[in-house]
Amino acid sequence: MTQRPLISGPLGLGDLLDRAFRLYRARFRLFLLTAAIFLIPFSLISGLLTGQFLTGYMDAITAMTTTPDDLPSTVAGEFFGIVGGFFGVMFVFGIAGLLINAIVALALTTQGIAALHEEGLTVGEGVRRGLRRFWSYIGMSIAQFVLIFLATLAVLIPLFILIFAVIFAGAAIGATAFSDENIIGIIALVLVIICGYLVALILAVAPGIYLSARWIVATPSLLAEELGALDALRRSWRLTKKQGWRVVGYLILLYLITFVVISLPVGLLQQVIIFTLPTSGLGLATAVSTAISSIVTVVWTPFYTCAVVLLYYDLRVRAEGYDLDLRVQQLESQIQPG
């Protein structure tokens, strides 16, 4: 990294991903160990609990369907107890998962920033530095969630009204087309419904994608500049002000890579395991697939963090000439006595 600085002028999206990979490779063991310490134990415990629930659930369903007349009342009670206990445990684990992911994001981002400035941090040092901004990160995440939820709701309410209007109008047109056996009208109606569904889907996810893109570098801002929760969101918004669509494209590209690297292969593997093993082995299948998913996630999460950190500094280079500031600092350090 010292021979070819990673922060050196504005970069294209491909160059950003390339340098993120270089940064990841330079501190691979550190990044991987940081993510693995927190994510693997949590994922394994969650997978075992889910597998145990599914096994008990399938046993109860089998008992209720095979002998419904002789079904004892205790089986139904056990069934509802299993379902209620599972959702209770998953709620607690959901909260714990959010906190653990927050710690991992803060630690990895801290280590990525330090690595870019050629500073060596151990796992413990990265975690300790990240935890200094823990509550600010939690407040920032809550603010993001609330604002994205409200923006999505503002789009969905008129969209649902429009959909209901289109459904009623389509029902009237469809009734006429079917009664007259108008094939062209029926085909046109089906095409309108499909196009309307696609447009509604795009409009429903658009606010979340756009706002997530505008706030994508809030976490690096929070840590690198030691800002508060709302100040970090404002800082990210200002940095992405003239780069909105470029950042949206970068975020979508990362989502696509995530889908190809994690979601698609892990989903296919889970289906193969579930269909291969018998129903009695559903718990084992869930535990195995969860373990595989956690391993892939541990490998991928540091790369995603490096990509976001590189984007943060690229935006600062474009908006503030941050690379020039670094060069001035390097020259000053070289000419200082001693």
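Reader: Is Q111 buried or exposed?

Author: Q111 is buried, at a relative accessible area of 1%, where buried means under 20%, exposed over 50% and partly exposed in between, with a 1.4 Å probe and protein chains only. This is a predicted model, in which local features need pLDDT of at least 70 and side-chain atom pairs count only at pLDDT 80 or more, while totals for chains, interfaces and linings use all residues. Residues are numbered from 1 along each chain as its sequence is written, and side-chain values use heavy atoms, with hydrogens and water left out.

Reader: Which residues does Q111 touch?

Author: Leaving aside residues up to four places away in sequence, Q111 touches L30, F31, T34, L121, T122, V123 and G126, a contact being heavy atoms within 4.5 Å. Q111 itself is found in helix α3, residues 73-116; helices are DSSP runs of H or I with at least four residues, strands are runs of E with at least two, and both are numbered from the N terminus.

Reader: And which residues are buried in α4?

Author: In helix α4, residues 123-131, the buried ones are V123, G126, V127 and G130. Seen down the axis of α4, these buried residues fall within an arc of 95 degrees, so they line one face of the helix; the arc is that of the directions from the helix axis to the C-beta atoms.

Reader: Switching to charges, what does E119 pair with?

Author: E119 forms a salt bridge with R129, their closest N and O atoms lying 2.7 Å apart, the criterion being a side-chain nitrogen of Lys or Arg within 4 Å of a carboxyl oxygen of Asp or Glu. E119 sits in the loop between α3 and α4 and R129 in helix α4, 10 residues apart. E119 is partly exposed at 30% relative accessible area, and R129 is partly exposed too, at 32%.

Reader: Which residues make up the salt-bridge network?

Author: The network links E225, R235, R316 and E320, and the structure holds seven salt bridges.

Reader: Last one, how many helices and strands does the chain have?

Author: The protein chain has 11 helices and zero strands, and buried residues make up 40% of its 338 residues.
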